[in-house]
Amino acid sequence: MWPFSRKTHSGPRLADNATPEKGPAGRLMDNLKTAEQTLEDITEIDHGLVKDLITETKTFSKRLESLSQDLIPGHKSLDEFSGDIDGAYDRLKNTVGQSPDIIIRRFFIGHGPQVPALLAFVDGLADNQMIDQDTIALMQRYQDAQVLIQSPQTAHQVIHDAVTSVGHATVETQWSKLVIDLMGGNTIVFIQGCPQVLVLDTVKYPARAISAPMTERAVKGPQEAFNEVILTQMNLIRRRIKSPNLHFDPVKIGQLSQTLVVVAHVEGVTNPELVIATKRRLAAINIANLEYSNTLAESLSSSRSLFPQVRSTERADIVARDLALGKVAIMVDNTPYAITVPATFMDFYQTTDDYTASFWEASLERLVRLLGLFVGLLLPPLYIALSSVDPELLPTKLVITIAGSRVGIPFPPIFEVIIMWSIIEILREAAIRLPKGLSTTLGTIGAIVVGTAIVKAALVSDIMIVIITLTALGLFTSPVYEMAVPWRILFWFVILAAYLLGIYGIILSLIIILAHLASLENFGVPYLSPFGPLRVRDLKDSWIRFPEAKMRHRPTYLRSVSPIQRSVQKEPPMVYPQLHQTQKEHFDDET
Amino acid sequence: MKLKRWLQAFAVAALTVGLTGCWGNRPVNDRILVLCMGIDPAKSPQQFTVIFQAPTPSAVTNSSQGSSSGSGQSEVFAVKGTGRGLEAAFNEAQAQVSKDLYLGQLQLVVISDKMKPELLHRAIESLRSIGPLDKTPYIVVAKNSAFKVLQQSSPQAKFPSLYFISLFGCVSCQTDAIGVRFWQYLVRLTTSGVDPFLPVALPFSQGYRVDQVALYRGYQYVTTLDPVQTMNFGILEGLSHKVSLFLPRWQATIAFLTGPSRLTTQVVDGHVQARFNVRLTATLQGISSSSVTPIELSQISQRASEIIAQRCTAVIRQTQHDDVDPFGIGRMLSWQHPNTFHRFADWHKEYPKIHVIVHCVVKITSVGTVS
């Protein structure tokens, strides 16, 4: 039997040993039980539904009872903690406490005089060591509990200041917020008579270790990717930008999930209007459950274009770089991918390696990516156009070679493309979610068995194998995965145009795509920046990357409040250090 | 907004439907790729025969696999059609084959020198109006029969068209770069003051010999220059690349004569004068003396210049005699002295009267084999 007395409470609480008078809910439950018994007696039907109803009613009845305990005269609202830990216990037990992972524990503060207290936490989300050693043990050994009894209104302050050794502790009074804090891994401590509840930060998630990026690998760059814990994400960025101007503004999104979303920006660099716009767009999101950062992408995009308008990355260094340029980063708890806005077309073709390699190598790699894009997008359409619609544009030797390779093929070129590309897509989809060993095997089977067999079966020409291989490689040269998706879809648009109108169709479709890209704008930034509108200064970090020293300004399209990121060095320091002279002097001194 | 969307959709649909007339979707292996076309006079004086030559399917397959048939079978086949126009001949030929007779890959047009001017005019005008034909095929003349030229095979190339593409496409593969594309021929036909010339393809057992040019006055075949005349013609046109000249006095050969030729015209006392300034560079080869002095070099150069000038002048005299101006002296006159040119009602009547000077300078830039 729990020793705490309930006599001290007024209101609806009943005296000990008294037969509790049943409330309306209890009476309803009795009636239902009677009804169930009657049904069992007179019929032979399944009474599961009635039993479920009784169980639900029972739960509801308990909740009503626990709420009614907080209806103390003079108490402001049901959402405020009244200071009665019995009520708090009942309320917790009858609401969230029914779940087995919620631990609710009563204990006494103080070694001599004792003050009843209550503690609740979520098993698995909170650090047990911190709860046991830094909270309960210290409170139980507290020698000066008399102070708490004398002035219970300030008990939380005493505990906060003199007892608990948990680093981060706050105070809360509202149940609606306390429950969310509890679910987030915090430990809440109720002290008898004190209306303030201590919220101790004992959060310790079972988190995945920081691993190397899987989707954006770099040769020489940092090998750190975000994990699912937002605190770790913030730490990874903070390690890279140690300036106090780096701000992380928290936002809660999702009525059910209450997901913590953090808006990161660098004050004094990022345009404040951009930060406000981001926050407003986030505030306008009204969803029940926010599970993935990509859910926010649609709300942060201006139109439902095929092309991604926000950059999603798992690389901490890319987020840090974007923040330093004047962008805004959005991180979502439980998602290892952060979002940076605004994003331009060019952003999706820039990688970490571009900045860890020399500008020659970076420029070459970017141009290869551009070439890959053109090859991937245009090779099959060109094949269709030139082999079916406009063969007069091909050199004679090539047209004879193509005609020769197609002898005996029963399908027109467009069907060859459809067959081969369907195989590629199926293989890709099948391999992407398989274990690594299996996916390698599948790739081998796809490449060798299917590729060889399909040519031998004369379903497609051998030239088509070469074309589709180059296409598949070209379309995936985009360093950001989501940029490959629109091209894979538009590929069919260009194919159709090539089939219908030949070379003219290809040009027409490219103009349409280009016009669409030029029409896109997000957060007031044209998607084709710095090409349209042309910003010559920003071209230094486009398809050609200039040396770092030449990139003095932040991108114009970001309208940073601090446009210059690198000052000019008037004289390069110690270009020709006098090594020989110093060595000679050293030897002279010795001799 | 909705109206704008509908308009956009309508525009795209209209564009797609409206342009469907601009295409003919047929895989290349379902077409007969006509690579050569020959035009011969037919038995009927008002008709001509057109030969459409295309690679055989087995030759096409072998070509894609990088092998040849090796069985001695012909790698090309030809279908003929006869009619008063190219269209009629085409239809007749099309009726003999099961696939689309496709002229978009035409690389060579061979015309017989026996074609009457009105027939040739009709054939050329029809060729000009073929849609897929991009006006870039080479055009050559056959002595008597174009069909014979097309029948001849060469061990150097699978198809006649490939032989001529390879030959005319490589400047250093020819003595004179005398390859003429169809559009260049058309330009000469339609420009006053200049007459067309065409290379002559002579079949022989090992392939073709292309070292002569046929001269035309409009559509009228006039004459064919012999190989030596053709070399000098090439020098005057600035087309020479591997022309050589033997000098018996020094037992030396001036080889690789190449260089520009500049034509100018002037009117002196109402008379037209034309001047060719030919500046050639060459290599001295095969001289018998153990060493060549600068004086000797100068003498050799001077002698070579004189000989070339004389020969070129003789070629010009020949063309004046035939009333045909393949050098475009009239065209140059119309640019430099348009009033004088327009005074002449018929340039061909005036051309024989003009005074032509050839000034040639041969500069020996290197000495080849010196014994």
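**Domain and chain interfaces in a predicted two-chain model**

Good morning. Between domain 1 of chain B and domain 2 of chain B there are 15 residue pairs in polar contact, both residues being at pLDDT 80 or more. A polar contact here is a pair of N or O atoms within 3.5 Å; within protein, one must be able to donate a hydrogen and the other to accept it, and residues adjacent in sequence count only if both atoms are side-chain atoms. On the domain 1 side, the elements giving two or more residues are strand S9 (207-217) and strand S10 (220-225) of chain B, elements being DSSP runs numbered from the N terminus, with helices (H or I) of at least four residues and strands (E) of at least two. S9(B) provides the largest share of that side, six residues. By class, the side has ten nonpolar, nine polar and five charged residues; Ala, Val, Leu, Ile, Met, Phe, Trp, Tyr, Cys and Pro count as nonpolar, Asp, Glu, Lys and Arg as charged, and the others, Gly among them, as polar.

A word on conventions. This is a predicted model, in which local features need pLDDT of at least 70 and side-chain atom pairs count only at pLDDT 80 or more, while totals for chains, interfaces and linings use all residues. Residues are numbered from 1 along each chain as its sequence is written, chains are lettered from A and ligands numbered from 1 in the order in which they are written, and side-chain values use heavy atoms, leaving out hydrogens and water.

The two domains of chain B span 28-225 and 226-371, with bounds from an automatic or database domain assignment. One salt bridge is counted between them, that is, a side-chain nitrogen of Lys or Arg within 4 Å of a carboxyl oxygen of Asp or Glu. B:Glu237 forms a salt bridge with B:Arg188, with 3.2 Å between the closest N and O atoms.

I turn now to the two chains. In the interface, 26 residues of chain A contact 26 residues of chain B, with heavy atoms within 4.5 Å. Chains A and B bury about 2,200 Å² between them, 66% of it from carbon and sulfur atoms; this is accessible area (1.4 Å probe) lost on being put together, summed over both parts. A:Glu392, A:Thr396 and A:Ile400 supply 27% of the area that chain A buries against chain B, more than any other three residues. What is the count of salt bridges across this interface? The rule finds zero, whereas nine residue pairs are in polar contact, both at pLDDT 80 or more. Thank you.

Note on methods: Buried area = accessible area lost by both parts, 1.4 Å probe.
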